[in-house]
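Have a go at each task before you read the solution.

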Amino acid sequence: MARPLLEVNGITMKFGSLVANDNVSFVVNEGEIVSLIGPNGAGKTTLFNCISGFYKPFSGKVLFDGKDITGKKPHQIAKIGLTRTFQIVKPLLDMTVFDNVLTGAFLRAKTRKEAEKIANEVLELTHLYDKRFMLAANLTIADKKRLEIARVLATQPRMIMLDEAMAGLNQTEIKEAVELCLKLNQQGITLLIVEHIMEAIMPISNRIVVLNAGKKIAEGSPEEIANNEEVIKAYLGERYHAKSKESNRRV
Ligand SMILES: Nc1ncnc2c1ncn2[C@@H]1O[C@H](COP(=O)(O)OP(=O)(O)OP(=O)(O)O)[C@@H](O)[C@H]1O
């Protein structure tokens, strides 16, 4: 039976008079891939910040594995197994790829040896092992995004929130990022994904939550969302809708 891992209950976040999140509620069950979509400025990153402890919401509650984590600090939330990447990647540029991942591993590892073992496993999984001695500053955008995921993975999370991990990648790199998401999910990691590349997330999401102007306007299976008139009008446009109908016909 579906077991809620993340519960977002009536989150409201304001910046002065601007309501960036307006009473948003949804649940992510253990083992699911859920995507959060919506137009620019809809409030997706703000919601990520409220869930992961970078902002304290104005009102509402966030529960992780049944525990109230509202207003807790990001490192406390990471410690209990929920962590996130950033839209603008933040690797420590003057450190090697290996050391970047090692810093994540120390969240849980008690010894350097244990941290190194975790770091090496994560580097293999994310296909960065051969680049482990490179400075993070010298990586391509795609590898920097991969490193961002590797650093988060090294904290051994139960759930990862990915904020536009595929933006700026080419088709091959997007395909690799999608494969990595599926691989992590198969290993038991629950995923909440913010992404604008519908072709990448529609096929892998169990459910999709749609925000528009701070409010949740829809929630459902990828098929329900692709055919939801309000979502098409607010965000997807006729282009994706027509395209997905076309590909359904081909199947
Ligand atoms: N720190 C801040 N101070 C003031 N206003 C902010 C702040 N962060 C976000 N906003 C505003 O809140 C609203 C929601 O922004 P947010 O970045 O959460 O949207 P988004 O859905 O993530 O957009 P995008 O898809 O472009 O990343 C926008 O109107 C934005 O200008």
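**Exercise 1: a buried asparagine**

Asparagine 185 is buried, with a relative accessible area of 18% (buried means under 20% relative accessible area, exposed over 50%, partly exposed in between, with a 1.4 Å probe and protein chains only). Before we go on: this is a predicted model, where local features need pLDDT of at least 70, side-chain atom pairs count only at pLDDT 80 or more, and totals for chains, interfaces and linings use all residues. Residues are numbered from 1 along each chain as its sequence is written, and side-chain values use heavy atoms, with hydrogens and water left out.

Task: find the element that holds asparagine 185, then track down the backbone oxygens beside its side chain.

Solution, step by step:
- Asparagine 185 sits in helix H6 (helices, H or I with at least four residues, and strands, E with at least two, are DSSP runs numbered from the N terminus).
- A polar atom of its side chain lies 3.1 Å from the backbone oxygen of glycine 31.
- The backbone oxygen of isoleucine 189 is 3.0 Å from a polar atom of that side chain. (A polar contact is a pair of N or O atoms within 3.5 Å; within protein, one must be able to donate a hydrogen and the other to accept it, and residues adjacent in sequence count only if both atoms are side-chain atoms.)
- Skip the neighbours within four places in sequence, and asparagine 185 is in contact with Gly31, Glu32, Ile33, Thr190 and Leu191 (contact means heavy atoms within 4.5 Å).

**Exercise 2: the faces of H6**

Task: check the span of helix H6 and work out how its buried residues are arranged around the axis.

Solution, step by step:
- H6 covers residues 171–186, and at 1.5 Å a residue its 16 residues should span 22 Å (the expected span is 1.5 Å times one less than the number of residues). The end C-alpha atoms are 23 Å apart, which agrees.
- Now list the buried residues: Ile174, Ala177, Val178, Leu180, Cys181, Leu184 and Asn185.
- Look down the axis: these buried residues fall within an arc of 155°, so they line one face of H6 (the arc is that of the directions from the helix axis to the C-beta atoms).
- On the other side, Thr172, Lys175 and Gln186 are exposed.
- Among the packing partners of the buried residues are helix H4 (112–125) and helix H5 (141–153).
- Asparagine 170 caps the N-terminal end, with a side-chain oxygen 3.1 Å from the backbone nitrogen of threonine 172. After H6 comes glycine 188, whose phi is positive, near 100°.
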